[in-house]
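Thanks for asking me to look this one over. Please have the sequence and the model open side by side as you read my points.

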Amino acid sequence: MNLKEISRAKLPTIWGDFIIIGFEEISTGNSHIALIYGMKKIYKTQIVLTRIHSECLTGDSLFSIRCDCGFQLKSSLIQISKENCGILIYHRQEGRNIGLLNKIKAYTYQDKGLDTVEANHKLGFAADERDYTSCANILKKLGILKIKLLTNNPSKINILRKIGINVVSRIPLIVGYNSKNNKYLNTKAIKMGHIFK
């Protein structure tokens with residue numbers, strides 16, 4: 001398994017006390033984190049509430065409303081804490097894995113009228129460059145093989161199933177719709193198959 005745990009610590013938040021675990025991909029040095037709520041319960045729970053959240057500096061930390069990422073992150077942590085058991089994997093592949101600076105370049109094209117998929121293609125990337133292998137490896141390393149996944153993205157479910165994670169059910173995560181991100185969300189639905197019903 002191309003993954004090693006680096007360290008773990010307590011992480012108190014406004015939604016409760018999580019355990020934060022840092023992981024590193026051995027071959028690349030790339031890092032990801034897992035936030036676990038109810039550490040003792042997680043090993044006894046057969047189907048674990050799970051969110052795989054791809055890094056979005058602009059939405060998660062700078063409160064941008066041109067996407068729904070920050071809203072999804074907050075909602076996921078709230079739902080996990082209410083469940084008293086769950087995991088959020090913070091998947092550090094910014095901008096669907098094109099990187100922060102390329103994401104800003106994509107924003108420039110979007111400001112000129114392109115949608116997110118067209119902007120990625122203009123920069124020479126696929127619509128979605130993410131690789132979820134590290135996320136599956138984190139779940140396996142923690143002994144989590146059955147999950148209920150917080151997502152609107154059916155392809156994420158299919159990918160996880162192909163790499164050995166049993167996604168038992170999908171829980172919709174429809175939050176943050178506004179006038180600044182309606183084109184972004186419509187593109188997700190029409191071109192990327194996301195479900196917003």
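Below are my notes, going from the sheet to the helices and then to the cores.

1. A word on the source before anything else: this is a predicted model. Please read every value below as computed from that model.

2. Let's begin with the sheet. It is open, has 7 strands with mixed pairing, and runs in the order E1-E2-E3-E5-E4-E6-E7. At its edges are strand E1 (4–13) and strand E7 (166–171), each of which pairs on one side only. From one strand to the next, the twist averages 25°.

3. Strand E5 deserves a look of its own. How many of its residues are buried? The count is 6 of the 6, so E5 is largely enclosed by the rest of the structure. Gly 86, Leu 88 and Tyr 90 point one way from the strand, while Ile 87, Ile 89 and His 91 point the other way, and all are buried.

4. Now for the partners of E5. With E4 the pairing is parallel, over 5 bridges, and with E3 it is antiparallel, also over 5 bridges. Tyr 90 of E5 has His 53 opposite it, and Ile 33 stands opposite Tyr 90 too. His 91 in E5 is the bridge partner of Ser 54.

5. His 53 is a residue I would click on. It belongs to strand E4. Is His 53 buried or exposed? Its relative accessible area is 1%, and because buried means under 20%, His 53 counts as buried. The His 53 side chain makes a polar contact with the side chain of Arg 51, at 3.3 Å. Setting aside neighbours within four places in sequence, His 53 is in contact with Asp 60, Cys 69, Gln 72, Leu 73, Leu 88, Ile 89, Tyr 90 and His 91.

6. H3 lies across E2, E3, E4, E5, E6 and E7, and runs at about 160° to E4. H7 packs on the sheet as well, touching E1, E2, E3, E4, E5 and E6, with its direction at about 145° to that of E5.

7. Staying with H7, the buried residues are Ser 134, Cys 135, Ala 136, Asn 137, Ile 138 and Leu 139. What do they pack against? The answer is E2, E3, E4, E5, E6 and H8. Just after H7 comes Gly 143, with a positive phi of about 75°.

8. H8 can be read in a similar way. Lys 156, Ile 157 and Leu 160 are its buried residues. They cover an arc of only 100° around the axis, which puts them on the same side of H8. The buried residues of H8 pack against E4, H7, E6 and E7. Just after the helix, Gly 164 takes a positive phi of about 95°.

9. Helix H9 (residues 182–192) has Tyr 184, Leu 185, Thr 187, Lys 188 and Met 192 as buried residues. Why do I say they line one face? Seen down the axis of H9, they fall within an arc of 155°, so they line one face of the helix. Their packing partners are helix H3 (69–83), helix H4 (94–97) and helix H6 (116–122). Gly 193 follows H9, and its phi is positive, near 75°.

10. Finally, the cores. The largest nonpolar core has 25 residues, and those with the most contacts inside it are Ile 87, Leu 142, Ile 144, Ile 147 and Leu 160. Among the elements that each supply at least two residues are strand E2 (16–24), strand E3 (31–37), helix H1 (39–42) and helix H8 (154–162). H7 gives this core its largest share, 4 residues. Apart from it lies another core, of 11 residues, including Tyr 37, Leu 49, Leu 77 and Tyr 90.

11. Leu 160 ties several of these points together. Not counting residues up to four places away in sequence, Leu 160 touches Ile 52, Tyr 132, Ala 136, Ile 147, Leu 149, Ile 165 and Val 167.

Definitions and conventions
Residues are numbered from 1 along each chain as its sequence is written. This is a predicted model: local features need pLDDT of at least 70, side-chain atom pairs count only at pLDDT 80 or more; totals for chains, interfaces and linings use all residues. Side-chain values use heavy atoms; hydrogens and water are left out. A nonpolar core is a set of buried Ala, Val, Leu, Ile, Met, Phe, Trp, Tyr and Cys residues joined through side-chain atoms within 4.5 Å. Buried means under 20% relative accessible area, exposed over 50%, partly exposed in between (1.4 Å probe, protein chains only). Contact means heavy atoms within 4.5 Å. A polar contact is a pair of N or O atoms within 3.5 Å; within protein, one must be able to donate a hydrogen and the other to accept it, and residues adjacent in sequence count only if both atoms are side-chain atoms. The arc is that of the directions from the helix axis to the C-beta atoms. Two strands pair if DSSP finds at least two bridges between them. Axes are lines fitted to C-alpha atoms, for helices over the stretch in contact, and angles run from 0 to 180 degrees between N-to-C directions.
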